[in-house]
Amino acid sequence: MRERAGQAPERLDATTIGSDYPTRDWIAAGWRISVAFSDGVTRRVDLLAGAHFPTTPVRTALVDHPVAMTWPHVEGDGILCLLPNMAEWDPDDPSAVALGLLHRSISLIEELLEGSIIERDFREEFVTYWGYKVHSKGEALFSLVAPAPPSRQVQVWRGKGLELVGEDQESLVAWIRHRFGDKTPVKTEAAAFLWLETPPLPCDYPETAADLHLLAERIGKDAKAVLEEVAGHEPDEVLTLLGAIGRGGAALIGVKAPNPKRRNGRPRAPDEPLSVGFRPHHTPQPLLLRRFFGALPVMRTHVHRADADWVHGRGQDPRTRCLLGATVVIIGCGSVGAPVACALAQAGVGRIVMVDPETLGWPNVSRHPLGAADVGRNKAEALAQRLQIDYPHLTVEHRPCDLHQLIAQDEDLLAATDLIVAATGNWVAESALNRWHVAQGRPRPILYGWTEAHACAGHAVAVGADGGCLQCHIGRTGVPDLTVIDWPEGGDASLEEPACGAHYQPYGPVELAYVTAMIADAAMDCLLDPPAQSFNRVFVASPRRVAALGGRLTEGWRSAFGTVAQGVRTVDRAWTSTACAACGAKRSDEAA
């Protein structure tokens with residue numbers, strides 16, 4: 001600093017640090033220099049190091065700073081906000097990092113002196129600056145409201161330690177029942193949503209109920225009417241969400257205007273209404289509004305978005321709308337189907353229907369999303385309940401039956417869905433689904449997924465409107481015409497439990513995760529861009545793992561796709577039509 005600034009920096013003592021930065025207990029040391037700025041004023045700038053320096057970078061501060069909220073990026077004690085939350089720095093050259101931050105600090109102050117960025121940054125990052133002036137962090141205030149115009153009346157539900165705002169009572173009931181169960185009482189009341197064409201500046205932040213009313217009036221007559229209509233119900237407080245577009249998209253902030261508790265300077269009885277002096281709900285509106293929107297302070301609060309667009313992509317993933325409108329039926333909720341269902345729920349598929357007749361056993365939990373709490377329960381039911389609680393904005397259903405029963409009893413569901421994912425591992429069942437699909441004309445894709453031995457390879461076959469059906473490349477006993485791994489010494493042999501006909505293969509969830517991720521990826525492709533032509537996506541484990549288990553690539557695979565020296569591999573290949581017994585000119589059902 002001495003070399004670069006041409007002056008000896010002043011080392012800050014503990015008294016100065018404590019006096020200038022009383023809330024910053026992380027500061028362990030500091031240095032101060034004087035900088036002459038373009039306006040002819042010399043200002044002091046501090047470099048502040050924490051106890052973990054140099055693994056954490058220094059912070060900079062403008063000692064001679066204006067009043068808080070006069071300049072963006074300058075906190076109340078002068079600390080400058082320079083780095084985004086994902087910024088990285090070089091801990092091995094702390095001096096260069098410190099001098100770089102000092103240079104950026106001086107550049108920022110020059111921009112603030114010039115003035116053009118002040119209003120822009122206050123508006124574009126309005127949620128940040130609103131946060132400096134909130135009375136409540138809003139930890140329990142969640143919004144399902146779409147942050148978009150117009151201004152409108154919405155609904156709020158107040159549960160135990162939770163406030164939830166939704167577009168209407170119906171949407172609130174669905175979310176609450178999904179999250180907390182069907183027996184949860186749901187009583188809602190009106191709230192206001194006001195849309196601002198431009199985000200507010202700090203000078204616009206309402207301090208009193210009268211300020212809030214004036215803000216609504218400035219927005220427009222519709223916003224003013226919404227706020228007054230909500231107040232007309234005489235709630236304990238008028239909850240108002242304010243929405244606007246910032247730099248990173250739409251965002252929400254909140255204001256609570258309390259029902260006045262005092263009148264004419266004397267305490268009001270707890271149950272004394274705003275309509276005192278008149279029959280209930282007959283107070284002249286100008287008087288009622290004057291009483292409600294008076295000089296009482298409001299509570300400014302954060303609002304935490306819980307709407308589907310925010311949960312799935314923070315409002316900026318273009319795929320979200322498509323996925324939320326989709327329906328997927330997952331047949332088979334075992335170690336393959338269940339992780340795929342979880343991935344699709346996390347991706348935001350709006351309706352998921354899970355089908356499985358079996359119950360969860362203790363040996364299943366080692367490679368299944370469900371655990372001990374659900375042993376003995378139907379897999380589809382338990383997983384659907386888990387996902388419905390975790391993602392209350394989605395619709396998750398179950399059918400505790402097998403595939404043959406589903407085709408016979410709920411064919412309309414299969415016909416209307418956007419995608420069927422079949423992960424039963426049962427050729428008899430999936431060949432029946434394939435024949436049904438062919439008979440329907442294959443209007444929507446079906447994705448079949450399975451693993452080879454030890455999960456060293458996995459397959460996803462998407463059957464589209466054209467190209468091969470499932471059976472075109474799978475024999476009548478369920479053997480594919482192209483497998484990836486050959487086990488010359490019986491390495492693929494399943495182990496047997498101490499029971500008749502009970503076999504298994506001892507691989508775990510880590511190996512399986514590659515396969516289920518590949519199948520889920522193929523499912524996403526089918527939903528976002530439904531395939532016209534059938535295709536096969538194949539995952540292959542690393543040569544190291546295959547060799548360690550005694551396997552090797554089949555001759556057919558090597559001939560078609562060659563070999564790799566190391567690493568896992570995923571390959572797409574065409575799934576062409578062979579006019580098989582299922583989809584050929586003379587299908588097996590017609591012959592029968």
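**Close-up 1. Glutamate 229 in helix 8.** Glutamate 229 is partly exposed, with a relative accessible area of 46% (buried means under 20%, exposed over 50% and partly exposed in between, with a 1.4 Å probe and protein chains only). This residue is found in helix 8; helices (H or I, at least four residues) and strands (E, at least two) are DSSP runs numbered from the N terminus. Between the C-alpha atoms of glutamate 229 and leucine 80, the separation is 43 Å, and the two residues are 149 apart along the chain.

A word on the model: it is predicted, so local features need pLDDT of at least 70 and side-chain atom pairs count only at pLDDT 80 or more, while totals for chains, interfaces and linings use all residues. Residues are numbered from 1 along each chain as its sequence is written, and side-chain values use heavy atoms, with hydrogens and water left out.

**Close-up 2. Helix 8 meets helix 9.** The axes of helix 8 (residues 221–232) and helix 9 (residues 285–292) come within 10 Å and cross at roughly 90° (axes are lines fitted to C-alpha atoms, for helices over the stretch in contact, and angles run from 0 to 180 degrees between N-to-C directions). Helix 8 is therefore roughly perpendicular to helix 9 (65 to 115 degrees; under 35 is roughly parallel, over 145 roughly antiparallel and the rest oblique). Glu228, Ala231 and Gly232 of helix 8 make the contact with Gln285, Leu288, Leu289 and Phe292 of helix 9, where contact means heavy atoms within 4.5 Å. Sorted by class, these are four nonpolar, two polar and one charged residues (Ala, Val, Leu, Ile, Met, Phe, Trp, Tyr, Cys and Pro count as nonpolar, Asp, Glu, Lys and Arg as charged, and the others, Gly among them, as polar).

**Close-up 3. Valine 238 in strand 9.** Strand 9 (residues 237–246) holds valine 238, which is buried at a relative accessible area of 0%. Apart from neighbours within four places in sequence, the contacts of valine 238 include Ala231 and Phe292, two residues that also take part in the contact of helix 8 with helix 9. Alanine 191 is 47 residues away in sequence from valine 238, yet their C-alpha atoms are 6.3 Å apart.

**Close-up 4. Helix 3 packs on helix 4.** Helix 3 (residues 94–114) and helix 4 (residues 116–124) have axes 5 Å apart and pack at an angle of about 100°, so helix 3 is roughly perpendicular to helix 4. Here Leu108, Glu111, Leu112 and Glu114 in helix 3 meet Ser116, Ile117 and Ile118 in helix 4. The classes in this contact are four nonpolar, one polar and two charged residues.

**Close-up 5. Arginine 545 in helix 18.** Helix 18 (residues 543–548) contains arginine 545, which counts as buried at 15% relative accessibility. Beyond neighbours within four places in sequence, arginine 545 is in contact with His454, Ala455, Cys456, Tyr507 and Glu511.

**Close-up 6. The second largest pocket.** About 940 Å³ of space lies here (on a 1 Å grid over the protein atoms alone, a pocket is an open set of points with protein on both sides within 12 Å along at least five of seven lines, a cavity is a set where a 1.4 Å probe fits but cannot get out, and lining residues have an atom within 4 Å of a point; grid points are joined across faces, edges and corners, and a volume is the space filled by probe spheres set on the points). Of its 28 lining residues, Glu124, Glu125, Val127, Thr128 and Trp310 lie nearest the centre.
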